[in-house]
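Please open the model in your viewer and keep the selection panel at hand. The tour below moves from one selection to the next and says what is to be found at each.

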Amino acid sequence: MNNFIYPKAKFIAGVDEVGRGPLVGAVVTAAVILDPKQPIIGLADSKKLTEKRRNALCIEILDKALCWSIGRAEPEEIDKINILQATFLAMRRAVAGLTTRPDIVLVDGNKSPGFPVPSQAIIKGDSLVQEISAASILAKVTRDREMRELDILFPEYGFAQHKGYPTAFHLEKLAQHGATQFHRKSFAPVRRVLNSREYS
């Protein structure tokens, strides 16, 4: 994370999302303002960490961060306004939920969704900026937990394993059992299944 030059600001919020690609469930975002007096060692892009390490870091972030917030957009909202706008909406909700108003928001990606405070989009920010890494970990752990809970309700789909992504197994079960109320109806594989069942 040494390549990134931090802006001069007291309260820096990092924001990241998890769940743009899956066919089911919410897109989950997190916003985190870290406490410089309580550094957290080992923050990294959540996708590059083992589940065990992610979970351990998540506990540490919740304990040591100055403040944090989870934002989300539900499948119905994704279907209504599209996944990109739903992701931006969830990011704005996460920042709005922070108990400390940030001086600047650093967002993973190439575009900022627009916040009531200054912001900067950073490509590969989840690997370069510790606040964004922390947000990516919180969002990933939160969404994975929700997928495990959904797996209990619908064990036939295997949500705990593929986390809702369009794997061959998920697509097979989707064709076999149809869509749940938690599937994103606007996503092509789900839409195809709904249409085929409607006209069969």
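This is a predicted model. Begin by selecting helix α3 together with its surroundings: the buried residues of α3 pack against the strands β1 (12-18), β2 (27-33), β3 (67-73) and β4 (104-108), as well as against α2 (75-81). To see which side chains are buried in α3, colour Ile83, Ala86, Thr87, Phe88, Ala90, Met91, Ala94 and Val95. At the N-terminal end of α3, select Asn82, which caps the helix through a side-chain oxygen 3.0 Å from the backbone nitrogen of Leu84.

Turn next to the largest nonpolar core, which has 19 residues, and select Val32, Leu34, Leu43, Ile61 and Ile137, the members that touch the most others. At least two residues of this core come from each of β2, α1 (51-64) and α5 (130-153), and α5 gives the most, with six. Apart from this core lies another, of 14 residues, including Val15, Ala31, Met91 and Phe115.

Finish at Leu171, which belongs to helix α7 (residues 168-177). Is Leu171 buried, partly exposed or exposed? Its relative accessibility is 33%, so Leu171 counts as partly exposed. Beyond its neighbours within four places in sequence, Leu171 is in contact with Leu23, Pro166 and Pro189.

Note on methods:
Residues numbered from 1 in each chain as written. Predicted model: local features only at pLDDT ≥ 70, side-chain atom pairs only at ≥ 80, totals over all residues. Heavy atoms only, no water. Buried < 20%, exposed > 50% of the residue type's maximum accessible area, 1.4 Å probe, protein only. Helix = DSSP H or I, 4+ residues; strand = E, 2+ residues; numbered from the N terminus. Contact = heavy atoms within 4.5 Å. Polar contact = N/O pair within 3.5 Å; in protein donor to acceptor, adjacent residues only side chain to side chain. Core = buried A, V, L, I, M, F, W, Y, C linked by side-chain atoms within 4.5 Å.
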